[in-house]
Amino acid sequence: MTTTAKNYTKGAGLRKPIRMIVLHSAENQQLPGQAKHLVEWFAGPTAPQSSAHYMVDNANVVQSVLDTDVAWAVGVWQANLESISIEMTGQASFTTAQWTNAYSQGVIEQVVTLGKRLSQQYTIPPVRLTTAQILDGKTKGFCTHADITAAYKVVGGHTDPGPNAPVQTILDKIKG
């Protein structure tokens, strides 16, 4: 696999040890093939000045940026250097019901499978990081884009995957 995203940074010599897995919502519709669609969008002529490592829909996980490369995912360079980002099909404004519908349940199962693999590969425990742990530069775990925004006090930062996203459910399932 080669990196397909248009906007990212080659990791050679830059990449720090991966200690965080960051969950995002892609702010897209719950439609078949959204993971592939997102990868194509991040690679295309209208690509945003951002990227992520993995795109997840209800049936697929598609990698867009190699783990060894730095995705432009969280708006904080330091955090990008030491994290892997996962874009989940969904929206920060989703209600609990929307995060528990059949499509979202498929997304969650795909994220759990990916999360287990990444957790084992990088020895990252399936625990949610606190603001202090995000900032300490050493504690390993999972967080959301909103957590990064709060930790680094990013003005106008992101709120995804939203307050109703089933982050704890995902972590509990990864713990298995």
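**Figure 1. Thr123 in the loop between helix 4 and helix 5 of the predicted model.** Thr123 counts as exposed, at 54% relative accessibility. Its phi is near 45°, which is a positive value in a residue other than glycine. The loop that holds Thr123 runs between helix 4 and helix 5, the latter comprising residues 131-135.

**Figure 2. Lys153 and Pro161 in the loop between helix 6 and helix 7.** Lys153 lies in this loop and is exposed, with a relative accessible area of 69%. Phi of Lys153 is near 50°, again a positive value in a residue other than glycine. Pro161 is found in the loop that joins helix 6 (145-152) to helix 7. The peptide bond that leads from Asp160 into Pro161 is cis, and its omega is near 10°.

**Figure 3. Strand 6 and its pairing with strand 2 and strand 3.** Strand 6 covers residues 83-88 and pairs with strand 2 in the parallel sense over 6 bridges. Within this pairing, Ile21 has Ile84 as its bridge partner, and Ser25 stands opposite Met88. Strand 3 also runs parallel to strand 6, and 3 bridges join the two. Here the bridge partner of Val56 is Met88. In a regular strand, side chains alternate between the two faces of the sheet. In strand 6, Ser83, Ser85 and Glu87 point one way, while Ile84, Ile86 and Met88 point the other way. Strand 6 is mostly covered, with 6 of its 6 residues buried.

**Figure 4. Cys143 in strand 7.** Strand 7 spans residues 141-144 and pairs with strand 2 in the parallel sense over 4 bridges. Cys143 is the bridge partner of Val22. Gly141 and Cys143 point one way from strand 7, Phe142 and Thr144 point the other way, and all are buried. Cys143 has a relative accessible area of 1%; it is therefore buried. Leaving aside residues up to four places away in sequence, Cys143 touches Met20, Ile21, Val22, Leu23, Leu129, Ile134 and Ile148. Lys116 is 27 residues from Cys143 in sequence, and the two C-alpha atoms are 15 Å apart in space.

**Figure 5. Ile174 in helix 7.** Ile174 is buried, with a relative accessible area of 8%. Apart from residues up to four places away in sequence, it touches Val112, Gly115, Lys116, Ser119, Pro126 and Phe142. Pro125 is 49 residues from Ile174 in sequence, but the C-alpha to C-alpha separation is 9.1 Å.

**Figure 6. The largest pocket and its lining.** About 310 Å³ of space lies in this pocket. Its lining is made up of 20 residues, and those that lie nearest the centre are Ser50, Ala73, Glu87, His145 and His158. The elements that give two or more residues to the lining are strand 2 (20-25) and helix 1 (34-43). Helix 1 gives the most, with 3 residues. By type, the lining divides into 8 nonpolar, 9 polar and 3 charged residues. Glu87, one of the residues nearest the centre, points the same way from strand 6 as Ser83 and Ser85.

Definitions and conventions
Residues are numbered from 1 along each chain as its sequence is written. This is a predicted model: local features need pLDDT of at least 70, side-chain atom pairs count only at pLDDT 80 or more; totals for chains, interfaces and linings use all residues. Side-chain values use heavy atoms; hydrogens and water are left out. On a 1 Å grid over the protein atoms alone, a cavity is a set of points where a 1.4 Å probe fits but cannot get out, and a pocket is an open set with protein on both sides within 12 Å along at least five of seven lines; lining residues have an atom within 4 Å of a point. Grid points are joined across faces, edges and corners, and a volume is the space filled by probe spheres set on the points. Ala, Val, Leu, Ile, Met, Phe, Trp, Tyr, Cys and Pro count as nonpolar, Asp, Glu, Lys and Arg as charged, and the others, Gly among them, as polar. Buried means under 20% relative accessible area, exposed over 50%, partly exposed in between (1.4 Å probe, protein chains only). Contact means heavy atoms within 4.5 Å. Two strands pair if DSSP finds at least two bridges between them.
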